[in-house]
Structure formats: structure tokens, C-alpha cells
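Hi everyone, thanks for making the time today. Please have the sequence and the structure open while I talk, and we'll walk through a few places together.

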Amino acid sequence: MRFFSLVLTFLLSTPSLTSAADTPASRPRGVPKSRASLYLPSPDDTFTCLDKSKTIPFSRVNDDYCDCPDGSDEPGTSACENGKFHCMNRGHVPAWLSSSRVGDGICDYDLCCDGSDEEWRFPGLCPDLCAEIGKTAREAEREKRRINAQGWAEREKLVREAARKRAEVDHKLQETRAKLTAARDTESRLKQNLDEILAREATIAKRVGTGGAAAVAQKARERIARYRDAIHSLRADLDIQRERTEILEGILEDLAKGYNPNNQDMAVKAAVVGWSELKTAPILAPPPSKGEMSQAEIRDLLEEEDDLGDVIELLEMHQVEETLSLLWKIGAYLPEPVTQYLTVAYHSIRATLHEYGIIPLSSSPSSSGSTSDAATSKAAAEARAAHTSASQQTRDLSAQLDRAQSDLDTDFGPDGVWRALKGVKIEAVVGGYTYEVTLLEKATQISKRDGGRSSLGTFSGFEGGDDDKVVLVYDRGAKCWNGPERSMKIYVECGAEMEVLGVVEPEKCEYAMRVRGPVVCVKPSERSGNGKGEKVEVGVDERGWLVPGRDEL
């Protein structure tokens, strides 16, 4: 018997288990069921502030005077600025209201649809509308769920598209990396080739001499002087041969005059004797004059090629057309054999210069012209052009590689879904302007009056971490007259398709655009759960979305 008495005493002393504790009337006004145990009077009929800062008589709870620093002693009045009033809202969802709005004579149906925040001071002022408001809210929530389901299906498509685009970028990255390796090898090879050509030309220039076009002209004058000496020797030899020819002609003339058909022996004998004497008689050559050359020296000069080749190569490097013209004009004063040799040499030199791109093949010899000491041979010019082109290609490929890598490193949100929308354009016409936004790139304001365009900024990143609270930030736009740089924030909410809901300018030159689209829709199973398949108690926030953490009745 004593045992049952103890059990009964325990049950009566446990507030959470008594029927009275389960009713709103058993707890102070503005206190939810979950906190009812905190507002039970102690055995000495006192109340301890929830922050443990002080203990007051229980009769001073909800006496419209703020005693506790945390405002916990006035849950049902407006006495404490930092207090909170709990609206039960039967038929809808419970909510918390700032104590400053309690008993102010205003029906706060957005949070307290049951009117309990005004009932204690203004009875009947705010009728309970939770049944109607709750029904409307539930219908709106069902519509949101329907739209979210449609949006999620579209979002799944966007995720697949984003994955495909990422794969393309990754493939391009690998392809560009391979091309860049080959381009760098080519650039290195062409650089080596250019260095070799420049080194060879420097060696030739050093061997032939320095001094630019003047040195080349001097070299040519030296060679012309040697040719002139050879011509003098050839002319002396020609005089000797002419003298021999005259003697032979005289012999033949005598033979013709003394010819007797009946008696030929004496004339023939005389011709034979004369011819023999001519062959055995020494021919006295004139003493060599200054500058004349022997036959051997002439032969050596004509067979000499190496030094002349160096001169030709140097001519190629300096484009000395005037020197070639000078060589050609000298031919007018030379014997035919020498002229023929110089003609062949002239055309050979011109053909070589044309091959290297120094002069056009069709140009005629002329004494006019100019030289360029800074010019280089065609081989060097082509090698340098090839190396420059290869270097540019290497830089281009390197830039492409950096862009591809940067693209892969960019944060495109959960599942990379925003990648699928990069570059997509949306626009809205508000007042006298068209607002054009290229997602994840730039925003522009276009005047309908004159077509003038003002930058509202370039995309700089996201704000908000939740899928349904994404904000796209565009900043560093064109500067306003006597104001800040233009900027825009795009607030995105769930929708079955991308559409602009409106554009406003809350601050000078700071714009806000509301957009609806599937990219921020959430998985339907997560609308009323915690993402782990577990049910949680939810409420509806000011936008009508289900949110966790609302208190019960």
C-alpha cells in the first residue's frame, strides 16, 4: 500500500506527466509546451531567470515589468525588448514573435494568425484566422512542392549537361597540354636553327670583313681590280696571237703567189721551210706592265670560288644591288669571253639573291639603289619568322591551358550545375531600360531611348550556401555620375524554368533582380526532411517555405 502511495505522489509531482501541464492554461502566456517545465514555480514559489542571473517571486512572471536581463520573466508581454512571444497558431504552424509587437494593437497575422499576441490586452481585436490562413498556406506549399518537383527534374537535366561540358573542358585540357608539349619542342628546335643560322652568318661576315655595305663595296672593288689585271694580261696575249696570225697569213700569201701547177716543189718547199722557221723562231713578248697577270694567275683567279662565295653571301645579307649593277656595267668595256663570264656570274648571283628573297628576279641592273646594314638574309628572316610564330603558338596554347584549368577549378555550385547555364542570357524590361544578364559573366543596363549601354558589373561569385538561397553577385560596373560603381545582385528561387520576376534599385546604382529557375530546386524528399531520410518538425518561413526548427504547440 505504501508503494502505491509513493507512485501516486511521484506522478502528481511530475508536471510533464500531468494533464494540467499539457494545456496552455497550465503555463504562462507566450510559453510553448517544450518550455513548460521551465516555468513551474519552485517549492518556495520563485522563478529563476533562464540565464540563471537572478531569482524572483513567481508572481512577477508576466507582470508587465522586465526583471530578468534575458527577458525570460516576460514571455507574454512587451515589457522586455529582448523577449519573445510564442504563438501557438492552432490549425497552422507555431511561430515566435518579438515581444515589442505584443499588445501593440496591431494584428500580426503574418506570424500570429490566432491573434494571441493582442488577446490579453485587447480581447476580440484579432480573431483567430489560423484555419483559413493555414489552409491557404498548405495549398501554397503543395503548389511549391509541385513546382519544386518539376524544377528538380529540369535541374537533373542541367546537372547532366554540366557534367558533359566539364568532360569537354577536361578533354580539351588534355589535348591542349599535349599540343603545348609539341609546340614547345618545335619552338626549341626552331630557336636552335635560328641561332645556328645567325652564328654562320656572323662567321661569314667576320671572315669577309666588317663595316656594313662599305666593306662589301670595298671587297667588290678589290675583286674588280683583280679582274682588271687579268684583262690586261689577256689583251697582251691577244696582241701576241695577232702578230703570229699576221706572219702565218704572209706565209700563206707567198705560198699562193708562188704556186705553179706544173712545178710545185719549190713553192711548197719554201712554205714548209717558212713554217718550220716560224715554229722554231722565239716570239718576244712585251715586258709585263704593272697589273698584268700570267696565264696561270688568270686560271687560278677564274677557278677561285670560296672567297667570291663569301662576298655573295655577304651581299645577300646586306642587299647590295648597287654593287651588282656596277659589275654588270663594267662588261661593256671587257672582251667577249670575260663579258660572258661576268654575265654568267651576274645572273648566278641574282638568282641566289632572289632565292633568298633579297631582290626580285625581274628587277633590271641599275646604278641607283640603297643598302641596308640592318638587313639579314632570307634564311635568317625565315628562321626568325618561324621561331616567332612557334613562340606565339606556344603562348596561345599556354593561355588556352590556363583558361581550361581555371574553368575546371571554378566553383559552379552543388553538382557543378551552374556550369550548364554559364553564358545563358536573360533579360527584363523595366521602365525605360532593358536589363540584360549573361549568367556567370556580365550584367548590362540598356537605355530604350538611345540604346546606350552601361555595365552593371561582371560576375564575381555566389552569396548564400543553401541551394534555395543562391545570390549571384555582379560588381565593378560603370561608375554612376556622382555615385558608386554600378552593381547587381540576382536572387534566384526555385522554378520549373528560367524567368525574370522583376528588377528594382533599392540603393542608388545598386540593382536587384529576382529570377526563378530550376537550378536552385531541391530534391523533393529533402523538402520535409533533413537530407538523411529523417523526418524533422518544420514550419513555414516568411517566404512560405518549409523550414526546420519551429516549435510545437
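Let's begin at T394. Leaving aside its neighbours within four places in sequence, T394 is in contact with L180, A183, R184 and E187. This is a predicted model, by the way, so please keep that in mind throughout. T394 itself has its place in helix α10, which covers residues 378-409. How far apart are the C-alpha atoms of T394 and R184? They are separated by 6.2 Å, although the two residues are 210 residues apart along the chain. Is T394 buried or exposed? Its relative accessibility is 10%, and residues under 20% are called buried, so T394 counts as buried.

Let me step back to the whole protein for a moment. You can find 10 helices and 14 strands in it. Of its 553 residues, 34% are buried. Looking at the contacts with a separation of 6 or more, 48% of them come from residues 24 or more positions apart. As for the surface, the protein exposes about 32700 Å², and carbon and sulfur atoms supply 54% of that.

Now for the sheet. Here 8 strands form an open sheet, and the order is β5-β6-β7-β8-β9-β10-β12-β11, with mixed pairing. At the edges stand β5, residues 425-430, and β11, residues 499-507; each has a single partner strand, so one side of each is left without a neighbour in the sheet. On average, neighbouring strands of this sheet are turned by 25° against each other, direction ignored.

Let's zoom in on β7, residues 442-447. This strand is mostly covered, with 5 of its 6 residues buried. On one pairing, β7 goes with β6, residues 433-438, in the antiparallel sense over 6 bridges. If you want a landmark there, E436 stands opposite T444 in β7. The hairpin of β6 and β7 has 3 residues between the strands, and L440 takes a positive phi near 65° in it.

β7 also pairs with β8: the two run antiparallel and are joined by 5 bridges. Here the landmark is K442, which stands opposite T458 in β8. The hairpin of β7 and β8 has 5 residues between the strands, and this time G451 is the residue with a positive phi, near 75°.

Back to T444, which sits in strand β7. What does T444 touch, not counting residues up to four places away in sequence? The answer is T434, Y435, E436, R453, S454 and L456. With a relative accessible area of 9%, T444 falls under the 20% limit and is therefore buried.

One more step along the sheet takes us from β8, residues 453-463, to β9, residues 470-475. These strands run antiparallel, and 5 bridges join them. Across that pairing, F462 stands opposite L472 in β9.

C113 lies in the loop between β4 (95-98) and α2 (116-119), while C130 lies in helix α3 (residues 130-208), so the pair ties together parts that are 17 residues apart in sequence. Both C113 and C130 are buried.

Next comes C480 with C509, with sulfur atoms 1.6 Å apart. This link is left-handed, with -115° about the S-S bond. C480 is in the loop between β9 and β10 (487-494) and C509 in the loop between β11 and β12 (510-517), so the pair ties together parts that are 29 residues apart in sequence. C480 is buried, at a relative accessible area of 5%, and C509 is buried with a value of 5% as well.

My last pair is C494 with C521, where the sulfur atoms are 1.9 Å apart. Which hand does this disulfide have? The torsion about the S-S bond is about 95°, so it is right-handed. The pair links distant parts of the chain, with C494 in strand β10 and C521 in the loop between β12 and β13 (538-540), 27 residues apart. C494 is buried, and C521 is too.

Methods: Residues are numbered from 1 along each chain as its sequence is written. This is a predicted model: local features need pLDDT of at least 70, side-chain atom pairs count only at pLDDT 80 or more; totals for chains, interfaces and linings use all residues. Side-chain values use heavy atoms; hydrogens and water are left out. Two strands pair if DSSP finds at least two bridges between them. Helices (H or I, at least four residues) and strands (E, at least two) are DSSP runs, numbered from the N terminus. Axes are lines fitted to C-alpha atoms, for helices over the stretch in contact, and angles run from 0 to 180 degrees between N-to-C directions. Buried means under 20% relative accessible area, exposed over 50%, partly exposed in between (1.4 Å probe, protein chains only). Contact means heavy atoms within 4.5 Å. Accessible areas come from the Shrake-Rupley method with a 1.4 Å probe; for residues, only the protein chains shown count as cover. A disulfide is a pair of cysteine sulfur atoms within 2.5 Å.
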